[in-house]
Amino acid sequence: MRKLILLALTPLAMISLLYSLGGEVSPRDGAQTLKAYTNATIYPVTSAVIENGTLLVRGEQILAVGTGIEIPEGAEVIDCGGKTIIPGLICTHSHIGQVAGADSSSPIQPEIRVLDSIDVRDSSIDKARAGGITTVNLMAGSGHLLSGQTIYLKLRKGQRIEDLAIQLPDGSFAGGVKMANGTNSIRESGPFPGTRAKSAALVRQKFLDAQAYLKKRSQHLNGEQKDQPFERDLALETIADLLEGKRKVHHHTHRHDDILTVLRLKKEFGFEVVLHHVSEAWKVADEIAEAKVACSLIFLDSPGGKLEARDLEWRNGAELEKRGVLTALHTDDPINDSRWFLRNAAIGVRAGMSRQKALEALTIAGAQILDLEDSTGSLESGKKADFVILSGDPFSIYTRILETHVEGKKVFDLQNEQDRLFAQGGYGAGHRRQATGCCFYR
Amino acid sequence: MIRKVWILLALILVKASGQIAVKADLMFPMTGDLKPVKNAVILCGTDGKIEAVGTKIVIPQGYQVISAKVVTPGLIDAHSTVGLSGILNSPKHDQEQLEKSEPIQPELRALDAYNGRDPLVDWVRNLGVTTVQTGHAPGNLISGQFMVVKTNIQSITSVEDTLKLVSGVAATLGAEALGKGVGTRSKAVALLRGELLRAQAKVLKIALAKEDSEQKMPELSLKEQVLVDVLTKKVPLVINAQRHQDIAAALRLREEFGFDLVLDGAAEAYLLLDELKKAGVAIIVHPTMARPYGDLENMTFTLAAKLYAHGIPFAFQSGYEKYVPKTRVVHFEAALASAYGLPQEVALAACTLFPAQILGLDGRIGSLQAGKDADLVLFDGDPLETLTHTTHVIIDGALVSTTPK
């Protein structure tokens, strides 16, 4: 699996980065501020639960987690007695921020970037913070075979997409590519496919075109004309990224046969893929495990709503856990509201997932799927201070999310009146826009 | 053939020894102060009614004894569309909840569309929902009727298969009801008023004809018959209204025409608590997990708690979903309201006793008392916790589900 090395942002680099973005955001002051969250029940997730533990944060980073940690002089001490601290939640599939992607002109549009559509001031993003979500994969809907490039965001407070995006060493923003099969991308008339076989054929042809494009590009770069600019094709260049492992596919798929189609295409072209929704995972769990692909699941309060989700079962999580499949969860917000993300994991536990794997599915597994596990997804020394303070057990319905922290900054506080409005709703919590994303209002 | 006989024999044996005694570590009888009782026993009679309930009951010989950590009355979903909006969400095949050819169609009966064998009926029943008020969905000025039916009824072959054949007439005010011929909120209310005025004239003619044999009894269309029933308070008008101005419009209509009003959804009811209290209107609150868009953009998870604190009668609903999840589950919605300030026993009452009261069926369902229907749900923990399983469901004294869900 390709590892993304995140830009190690020293305080100075951070300041210069923000200024270079022309930021109205003030430089993050006090990067060396020390904060000790004490007396908490801490779930680091990658190690055993700690009772009466301390989480020590310096600036953006976790300095230490454990018991008996010496609190440095000058550190601000925040007593979290009776409270629980877990890593910031990672939603591997969401449609918040009015995200939009491909239009109705064709079924495969790899050149589309969702980053060009997102409104980071949308209240759905505030609500996600209130739900404890600190990292999110924002994607376009599933009405296309390929609906564009996704973007991974840290839910920092910010006014522009650049403030929330995760920058890679080459200056680009981290993200994947959204694909879908099954009924959502099948339409009555062309150029959209009318059948599953046509869907697969269109995708295969596009990947073959990209293989040819890659060959042509490499010949150009090694050829005599290499000083001449290469004629770029935005669409094929994105598929080429998939073939070269620079991006991975986030693939919407429900039915057992559609899941196997994705695995077949992966085998043919060798791209990295994460299966999303995977309603009938329980029917082909062995094949999924054998293909060594990761899954991102959702649990719904009832099956159906469309034919291909008829056989969705809550035991999907448990079945994949038994076979050692890397499994994360997603909200698919607005399908499940970001504020009920913890509850979704509890449904997995209800149907047989272990508490540990359910916690991982909310955190570190999502980080691994988004290639961000070196910087987030668990409470470990050296990782970014992305964490959530809860009033109690993560899986109890009565537990409230009290605070959400991203990179050492508090981005949600239940005590704050405006934040509370986003957390529980009320007059002014909404906005005058429609829900977008998925096939919701189609 | 032989196998069939065996199955038949087995069924008969089960039926014969069918009398069930339930032992509850904690029982919510939903009587008096709604508080639970420890170490209780409920005996189900052969007639499908509760034979006895209490803490000092000795279980007679021959009863099948089932134990549970927590027992509640069968859950009642105050407003669902299960049986009409089927699992596949396939128009012309299993979507019978909304007919948009005309904006006002009170004559559409729920029973003519109800499919008690749809998998979503099984789904909610296996989780503990034993009774639903189901029927036409919000989305038309008047979209049709509701009925009340138990979830063990697979086909409706007689009126006795329902608890109420016509339990309400479903109206909608707000953005959802706008469409062809109904361009604005004002037009919507004008259309409704016009229809109700015509029905009111018929009510007067009927009264005159009853008093004076010289007067001719008016002929009534199907539509008028139903609206006359609404205006004479035989059937409530259940108005789905989310925004405060739509709720206010519903109260105005009631003031003008004097029908029994039940408010449905009522997302912004927290802005009109005093007015609603004064009007004495019951509210079937929107699902706590409803999506906060459109008319629901200002909804709050604390609505039920606020209504309770204000003494306004309310119950929970699963509501109607156009997409996924195709149905919600009523006590999951109650659970989240409980997480946002509603006391646990009140949250449970709002999907048992309270809906029974609003539906006028509390003499029969909604609480655990001798003589009432033996509808019980058994849980292996707090019914409101996500981690808790529904272990057994009993309707009319018979086990209908034994697979933990």
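The model is predicted: local features need pLDDT of at least 70 and side-chain atom pairs count only at pLDDT 80 or more, whereas totals for chains, interfaces and linings use all residues. Residues are numbered from 1 along each chain as its sequence is written, and chains are lettered from A and ligands numbered from 1 in the order in which they are written.

I begin with chain A. Its secondary structure comprises 12 helices and 17 strands; helices (H or I, at least four residues) and strands (E, at least two) are DSSP runs, numbered from the N terminus. The C-alpha atoms occupy a box of roughly 65 × 55 × 45 Å along the principal axes. Chain A has a radius of gyration of 22 Å, which agrees with the value near 22 Å for a compact globule of 442 residues; this radius is taken over C-alpha atoms, and the globule rule is 2.2 Å times the number of residues to the power 0.38. Of the 442 residues, 53% are buried, that is, 20 or more other C-beta atoms, placed from the backbone, lie within 10 Å of the residue's own.

I turn to chain B. Strand β1 (residues 20-27) runs parallel to strand β4 (residues 64-73), joined by seven bridges; strands pair if DSSP finds at least two bridges between them. In this pairing, Met27(B) has Val71(B) as its bridge partner. With strand β2 (residues 37-44), β1(B) pairs in the antiparallel sense over six bridges, and there Leu26(B) is partnered by Lys38(B).

Next, the core. Which residues touch the most other members of the largest nonpolar core? They are Leu55(A), Val22(B), Ile42(B) and Ile283(B), in a core of 242 residues. Such a core is a set of buried Ala, Val, Leu, Ile, Met, Phe, Trp, Tyr and Cys residues joined through C-beta atoms within 7 Å. Helix α8 (residues 330-339) of chain B gives the largest share, seven residues. Among the residues that Ile42(B) touches are Val22(B), Val71(B) and Leu376(B); contact requires C-beta atoms, placed from the backbone, within 7 Å.

Finally, the contact between the chains takes 33 residues from chain B and 34 residues from chain A. On the side of chain B that touches chain A, α8(B) supplies the largest share, four residues.

How values were computed:
A residue is buried if 20 or more other C-beta atoms lie within 10 Å of its own, exposed if 12 or fewer, and partly exposed in between; C-beta atoms are placed from the backbone. Two residues are in contact if their C-beta atoms, placed from the backbone, lie within 7 Å. Lists of a residue's contacts leave out its neighbours within four places in sequence.
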